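Please examine the structure displayed below together with its sequence. The report that accompanies it is arranged by topic.

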Amino acid sequence: MAERPMRHCLFLLASLLLLTTVATSNATTVVKNLDLKRYMGRWYEIARFPTFFEKSNAVDTRATYTLNDNGTVHVLNEDFVDGKRSYVEGIAYKADPNSDEAKLKVKFYVPPSVPLFPVIGDYWVLYIDQDYQNAVVGGPTKIFLWILSRKSHIDDATYKELVEKAKNEGYDVSKLRKTPQSEKPPPAAEEGV
């Protein structure tokens, strides 16, 4: 049975709110004219900066994005610890609807079961390849960084290229930690998890 809410959800959401108020750098380059429809679907976390809101022993971490009728994005973040699925759901939307930059806001509620307090964080797509298969996501504070892929495993050359993209944006890539992914990813929630 899925664990809801995620044990770390409260800390995650409160932290995102606090950290988005930290001084930002205008030097970060983000993707322009992101095709949101092509970006939808499942993304596997290949690597990330360690955070206190993501469990260090989690495996098979992934995010699934679904475009809503109103143009917002439904966000489903999942991970697994000792075979138990944890998840949190939220909504993403463009920070500035008139901008062509891929600067999104992600909103979660604390606690998720009784949505009382919205917590909003930055989600900036720093790089995406031409085929929308690999991406680098961060934010203005450079405290968070994720390397994502449509596949649960990528080759070393692709990984190094994505790390280099983050490094060129001023991220301390020495903090990156690879996320363990199973050879056969667990089924999606709609498939019975």
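## Overall architecture

The model discussed here is predicted. Its chain contains three helices and nine strands. Read from the N terminus, the order of elements is α-α-β-β-β-β-β-β-β-β-α-β.

Of the 193 residues in the chain, 48% are buried. The chain exposes about 10,200 Å², and carbon and sulfur atoms supply 54% of that area. Among contacts with a separation of 6 or more, 56% are between residues 24 or more positions apart.

Strand E7 comprises residues 134-138 and is mostly covered, with five of its five residues buried. In a regular strand, side chains alternate between the two faces of the sheet. Both faces of E7 are covered: Asn134, Val136 and Gly138 are buried on one side, and Ala135 and Val137 are buried on the other.

Which strands pair with E7, and in what direction? Strand E6 (residues 117-128) is joined to E7 by four bridges, and the two run antiparallel. Within this pairing, glycine 138 of E7 is the bridge partner of tryptophan 124. The hairpin of E6 and E7 has five residues between the strands, and tyrosine 132 takes a positive phi near 60 degrees there. Strand E8 (residues 146-149) is likewise joined to E7 by four bridges in an antiparallel arrangement. Here, tryptophan 146 in E8 is the bridge partner of valine 137.

## Aromatic pairs

A pair of aromatic rings is described by the distance of the centres and the angle of the planes. Over the whole structure, a search finds six aromatic pairs. One of them involves tyrosine 39 and tyrosine 123, whose ring centres are 6.5 Å apart; their planes are at 80 degrees, so this pair is edge-to-face. Because tyrosine 39 lies in helix H2 (residues 36-39) and tyrosine 123 in strand E6, the pair ties together parts that are 84 residues apart in sequence. Both tyrosine 39 and tyrosine 123 are buried.

Tyrosine 123 also pairs with tyrosine 65: the ring centres are 5.9 Å apart and the planes are at 80 degrees, so this pair is edge-to-face. Since tyrosine 65 lies in strand E2 (residues 59-67) and tyrosine 123 in strand E6, the pair ties together parts that are 58 residues apart in sequence. Why does tyrosine 65 count as buried? Its relative accessibility is 8%, and the buried class lies under 20%. The value for tyrosine 123 is 11%, so tyrosine 123 counts as buried. Ring pairs link Tyr39, Trp43, Tyr65 and Tyr123 into a cluster.

## Lysines over aromatic rings

Two lysine side chains can be described relative to tyrosine rings. Lysine 178 lies over the face of tyrosine 159, at 4.3 Å from the ring centre. Lysine 142 lies over the face of tyrosine 171, at 5.5 Å from the ring centre.

## Salt bridges

How many salt bridges are counted? The count comes to five. One of them joins the side chains of arginine 48 and glutamate 45, with an N to O distance of 3.2 Å. Arginine 48 and glutamate 45 are both buried.

Glutamate 78 and arginine 62 also meet through their side chains in a salt bridge, at 2.9 Å from N to O. This pair links distant parts of the chain, with glutamate 78 in strand E3 (residues 73-81) and arginine 62 in strand E2, 16 residues apart. Glutamate 78 has a relative accessible area of 1% and is therefore buried. Arginine 62, at 2% relative accessibility, counts as buried.

A further salt bridge is formed by the side chains of glutamate 101 and lysine 103, at 3.4 Å from N to O. Glutamate 101 counts as partly exposed at 24% relative accessibility, and lysine 103 is partly exposed with a relative accessible area of 23%. Salt bridges that share partners join Arg62, Glu78 and Arg85 into one network.

Conventions:
Residues are numbered from 1 along each chain as its sequence is written. This is a predicted model: local features need pLDDT of at least 70, side-chain atom pairs count only at pLDDT 80 or more; totals for chains, interfaces and linings use all residues. Side-chain values use heavy atoms; hydrogens and water are left out. Buried means under 20% relative accessible area, exposed over 50%, partly exposed in between (1.4 Å probe, protein chains only). Two strands pair if DSSP finds at least two bridges between them. Rings of Phe, Tyr and Trp (its six-membered ring) pair if their centres lie within 6.5 Å; planes under 30 degrees apart count as stacked, over 60 as edge-to-face and the rest as tilted. A charge sits over a ring if NZ of Lys or CZ of Arg is within 6 Å of the ring centre and within 35 degrees of the ring normal. Contact means heavy atoms within 4.5 Å. Accessible areas come from the Shrake-Rupley method with a 1.4 Å probe; for residues, only the protein chains shown count as cover. A salt bridge is a side-chain nitrogen of Lys or Arg within 4 Å of a carboxyl oxygen of Asp or Glu.
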